[in-house]
Amino acid sequence: MIARTGIRLGAAALVTGMLLAAPATAQFAKPEAAIKYRQSAFTVMGNHMGRLAAMARGDRPFDAAAAQNSARIIDTMARLPWEAFVPGSDQGKTDAEPELFDNLADVRRLADRLNAETTKLVSASGNLDTLRNQVDATGAVCKSCHQKYRKM
Ligand code: HEC
């Protein structure tokens, strides 16, 4: 009993300690880790956007279950990259334009727009016509950010 309480208190202290010692950037050990993290989220998001675009174009047969699965993955991934644009991660193996780091409020606004569209993508994925429209609407936000903030 005493031992178990001790473990629980120890765990609680650990969690509290972590929260207190965690400024936003401490989620990543170094800037390179943040770059890899955001690129990974973008890569998965891009892969599934590609699958949906292929269905929308008719290059792949429409499959509602697969479409919904991809839409859910995109909707989740689309929430991840933004916290990883941390100070120092403008240097190194990144395709982010340097201006991005001076315009984080605009990036946040574009990210919020993307997240709104990806939420709609999940509900649109059950039907080919609605999927088509929503793939276009979502892709337009990807594009508008890339034109501004991603090196092409
Ligand atoms: C708010 C801005 C923004 C939005 C919105 C955005 N991206 Fe990006 N994307 C970037 C930036 C910046 C990079 C470069 C990241 C880096 O190299 O550090 C990037 C990189 C990528 C990459 C390359 C990843 C790699 O491995 O280097 C892919 C793929 C990608 N984005 C796909 C997408 C797709 C698909 C969408 C829409 C569903 C999207 N992005 C929406 C800013 C954005």
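Mentor: Let's begin with a term: a residue is buried under 20% relative accessible area, exposed over 50% and partly exposed in between, with a 1.4 Å probe and protein chains only. This is a predicted model, where local features need pLDDT of at least 70, side-chain atom pairs need 80 or more, and totals for chains, interfaces and linings use all residues. Residues are numbered from 1 along each chain as its sequence is written, and side-chain values use heavy atoms, without hydrogens and water.

Trainee: What share of the residues in the chain is buried?

Mentor: The chain has 152 residues. Those that count as buried make up 32%.

Trainee: What pattern does the chain follow along the sequence?

Mentor: Helices (H or I, at least four residues) and strands (E, at least two) are DSSP runs, numbered from the N terminus. In this chain there are five helices and zero strands. Read along the sequence, the pattern is therefore α-α-α-α-α.

Trainee: With which residue does the side chain of Glu117 make a polar contact of 2.6 Å?

Mentor: You can find Glu117 in helix α4. Glu117 counts as buried because its relative accessible area is 17%. A polar contact is a pair of N or O atoms within 3.5 Å; within protein, one must be able to donate a hydrogen and the other to accept it, and residues adjacent in sequence count only if both atoms are side-chain atoms. The side chain that joins Glu117 in such a contact, at 2.6 Å, is that of Gln134.

Trainee: Why does Ser89 count as buried?

Mentor: Look for Ser89 in the loop between α3 (64-77) and α4. Ser89 counts as buried because its relative accessibility is 0%.

Trainee: How many Å apart in space are Ser89 and Pro31?

Mentor: Along the sequence, Ser89 and Pro31 are 58 residues apart. In space, their distance from C-alpha to C-alpha is 4.7 Å.

Trainee: Is Arg57 buried or exposed?

Mentor: Arg57 is found in helix α2. With a relative accessible area of 57%, Arg57 is exposed.

Trainee: Which side chain is joined to that of Arg57 by a polar contact of 2.9 Å?

Mentor: Let's stay with Arg57 in helix α2. The side chain joined to that of Arg57 by the 2.9 Å polar contact belongs to Asp59.

Trainee: What distance separates the C-alpha atoms of Arg57 and Leu128?

Mentor: Along the chain, Arg57 and Leu128 are 71 residues apart.
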